[in-house]
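Student: Please take a close look at the helix packing for me. I'd like the overall layout too, and then a few single residues to check by eye.

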Amino acid sequence: MFKDKFCKWPKLMRALVIISLFPPAAALFMVTRQLAPIDALDDTLSLTIGFNIILLLWGILLKIRSRKYWYRNYHIGKTMALAVMPLIASGYILLQQPEVPSMAKQQKSQTVYISLN
């Protein structure tokens, strides 16, 4: 079993949870500003849900193994709660499918040439 010096595994988990908050926030910002299609939000949110589920499973495993192998008690409950928040928010957004703004629904302008004889 590997050794955990300087509590590097909980620090790595905290960093990964913080990093996992940025892609959905950036995608939501871009969709609301109409810089990206709504499909980009769906793809980003589904990837974020998968990554955060892996982070939660790793947090549970880390919590169990820290007590069993290293005789430590990692206090990562707040980090795990922070990892659950994007799951809940992303799930809500995916289920609700927000209304696309009217500008995003408009088609490209078309020009019609009229010739007078």
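Tutor: What follows goes from the whole chain to the packing, and then to a few single residues.

A word on ground rules. This is a predicted model, where local features need pLDDT of at least 70 and side-chain atom pairs count only at pLDDT 80 or more, while totals for chains, interfaces and linings use all residues. Residues are numbered from 1 along each chain as its sequence is written, and side-chain values use heavy atoms, with hydrogens and water left out.

Overall, the protein chain has five helices and zero strands, so the pattern along the sequence is simply α-α-α-α-α. Helices here are DSSP runs of H or I with at least four residues, strands are E runs of at least two, and both are numbered from the N terminus. Of the 117 residues, 25% are buried; buried means under 20% relative accessible area, exposed means over 50%, and partly exposed is in between (1.4 Å probe, protein chains only). Among contacts with a separation of 6 or more, 71% join residues 24 or more positions apart, a contact being heavy atoms within 4.5 Å.

The UniProt record, an unreviewed entry, annotates "transmembrane region" at residues 12–32, 44–64 and 76–95. Those positions are in the numbering used here, with feature names shortened, and such annotations may be inferred rather than shown by experiment. In the model, residues 12–32 are 95% helix and 0% strand, with the end C-alpha atoms 32 Å apart. Residues 76–95 are also 95% helix and 0% strand, and their end C-alpha atoms are 29 Å apart.

Now the packing. Helix 1 (residues 8–20) and helix 4 (residues 77–96) have their axes 10 Å apart and an angle of about 20 degrees. Axes are lines fitted to C-alpha atoms, for helices over the stretch in contact, and angles run from 0 to 180 degrees between N-to-C directions. To see the contact, show Met13, Arg14, Val17 and Ile18 in helix 1 with Thr79, Met80, Leu82 and Ala83 in helix 4. By class, that gives six nonpolar, one polar and one charged residues. Ala, Val, Leu, Ile, Met, Phe, Trp, Tyr, Cys and Pro count as nonpolar, Asp, Glu, Lys and Arg as charged, and the others, Gly among them, as polar.

Helix 1 also packs on helix 2 (22–32), at an angle of about 10 degrees with the axes 5 Å apart. That makes helix 1 roughly parallel to helix 2 as well. Here Ile18, Ile19 and Ser20 of helix 1 meet Phe22, Pro23 and Pro24 of helix 2, a contact of five nonpolar, one polar and no charged residues.

Next, helix 3, which spans residues 38–69. Leu41 sits in helix 3 and is buried, because its relative accessible area is 1%. Apart from neighbours within four places in sequence, Leu41 touches Ala27, Leu28, Val31 and Ile93. Ile93 is 52 residues from Leu41 in sequence, yet the two are 9.1 Å apart, C-alpha to C-alpha.

Phe51, also in helix 3, is partly exposed, since its relative accessible area is 35%. Leaving out residues up to four places away in sequence, Phe51 touches Leu16 and Ser20. The C-alpha of Phe51 is 9.5 Å from that of Leu87, 36 residues away along the chain. Further along helix 3 is Lys63, partly exposed at 34%.

Gln34 lies in the loop between helix 2 and helix 3, and it has a positive phi of about 60 degrees although it is not a glycine. Most residues other than glycine have a negative phi. Gln34 is partly exposed, as its relative accessible area is 38%.

Terms used. Angles under 35 degrees count as roughly parallel, over 145 as roughly antiparallel, 65 to 115 as roughly perpendicular and the rest as oblique.
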